[in-house]
Amino acid sequence: SPSTASVFWSSGTGCSVRVFVLGGDGFCGWPIALHLSARGDDVTIVDNLSRRRVDRELAVGSLTPITPLNERLTAWREVSGHEIRHANIDLAQDYDGFVDLLRAERPDAVVHLAEQRSVPYSMGSTPRRRYTFENNLNATHNVLVALVDSGVDAHLVHMGSTGIYGYESIGYQLPEGYVEAEFQSKKTEILHPANPLSIYHLTKAQDQLALAFFSKHEGLRTTDLVQGAVWGTQTDQTARDKRLINRFDYDDVYGTVLNRFIVQAALGHPLTVYGRGEQTRAFIHISDVVRCVTIALDNPAVRGERMRVFNQIAESRRVIDLARLVANVWPGVTISNLDNPRQEPAANDLDLSNESLRALGLTPKLIADGVLAEIRDIAAPYAHRANRTKIDPPSPAQSAGGHQGNEVLSVLASIKKKIGP
């Protein structure tokens, strides 16, 4: 159970900061928690370990050998001298437990990543669809209500998704959240219209509306980080001890397109490109995810300010260009173009502004500068752990939402057949 001792550390900004990392055992949450702890913040991970249960459900785990959370936390204490606490709370179900924790600990900031994050999982079976929708929306709503109910004035940093904007070529640069709209000669600013292509993205779009509502009507301080597909594995902190290594998902449900190419290259397997590979997606390295969250925390929203929206991306790349990049840095790799099992535009443009984070100091790492090291240092040494049955993309009949770049869904084809044009 979490300690309620009033222990504060000096943060990297010289201030005393207590932070909750919701979903802190996950792919993004774990390195965020370590980084904040390393710089002196007092960190509590709130996580019900559901992602580990999904590994067992899918019969495929991380390519890297991640240790149980209690071993991770012990290793961190031994390596760093800092303590990270863990509260095992289901945020979607145990509202009372979370609000009690807020009242006891009174954090200065809450980083919210405690949501089911896979597009294909969200578009699979009916139970998986319902779980994604109910879990994600209930968790976010409970966090927002609990902050109001407890009276804790914590800055809430929420991890969103660029998928809320959709993946159709629209001919302009996507702004950071807000656009000017005019109707009947009246002008106003509104959130950019959402165009989600999956249950997962739908929940992220609704999360954004919820954050905007609670900022406006309840005075909460909120920031939505609209994030692209994350690549990479290690950060400075996760690399300090083998027991701290971050997870690496490569399968057809949780693995993003670049991770799948990286593993395929290490195995000498053709890189599987759907269609011509002219789909464009936004990307960001895991170390830059940590930096972006840190920037948001060090430049917090103020009470009375509307929800802030930062597009958390480094670059946009076509799938075929990613494949060619991987093939160029790892000799002997070939590219195989497959029929696209998903319903999506064969090609699209994607241009997103990321001016806010750059103005606050982000200089992102680019794929071309790090993909060779990712194959050499992560995928190749652990290639023996790969489940080769998960390397090839599923057929449309098997997929029920298989993805590339954690986006768009083959299941839409079957839905269209049922409801007609």
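Does glutamine 237 count as buried or exposed, and at what relative accessibility? At 14% relative accessibility, glutamine 237 counts as buried (under 20% relative accessible area; exposed is over 50%, partly exposed in between; 1.4 Å probe, protein chains only). The model is predicted: local features need pLDDT of at least 70, side-chain atom pairs count only at pLDDT 80 or more, and totals for chains, interfaces and linings use all residues. Residues are numbered from 1 along each chain as its sequence is written, and side-chain values use heavy atoms, without hydrogens and water.

Glutamine 237 sits in the loop between β9 (229-231) and α8 (257-266). Helices (H or I, at least four residues) and strands (E, at least two) are DSSP runs, numbered from the N terminus. Leaving aside residues up to four places away in sequence, glutamine 237 touches Leu34, His35, Ala38, Trp76 and Leu244. Contact means heavy atoms within 4.5 Å.

The largest nonpolar core holds 39 residues. Such a core is a set of buried Ala, Val, Leu, Ile, Met, Phe, Trp, Tyr and Cys residues joined through side-chain atoms within 4.5 Å. Phe20, Leu22, Val46, Leu91, Phe98 and Leu147 touch the most other members. At least two residues each come from β1 (18-22), α4 (95-105), α6 (126-150) and α7 (199-218). A second, separate core of 38 residues includes Val17, Ala33, Met159 and Val290.

Val290 is also among the buried residues of α9. Eleven of the 13 residues of α9 are buried, so this helix is largely enclosed by the rest of the structure.
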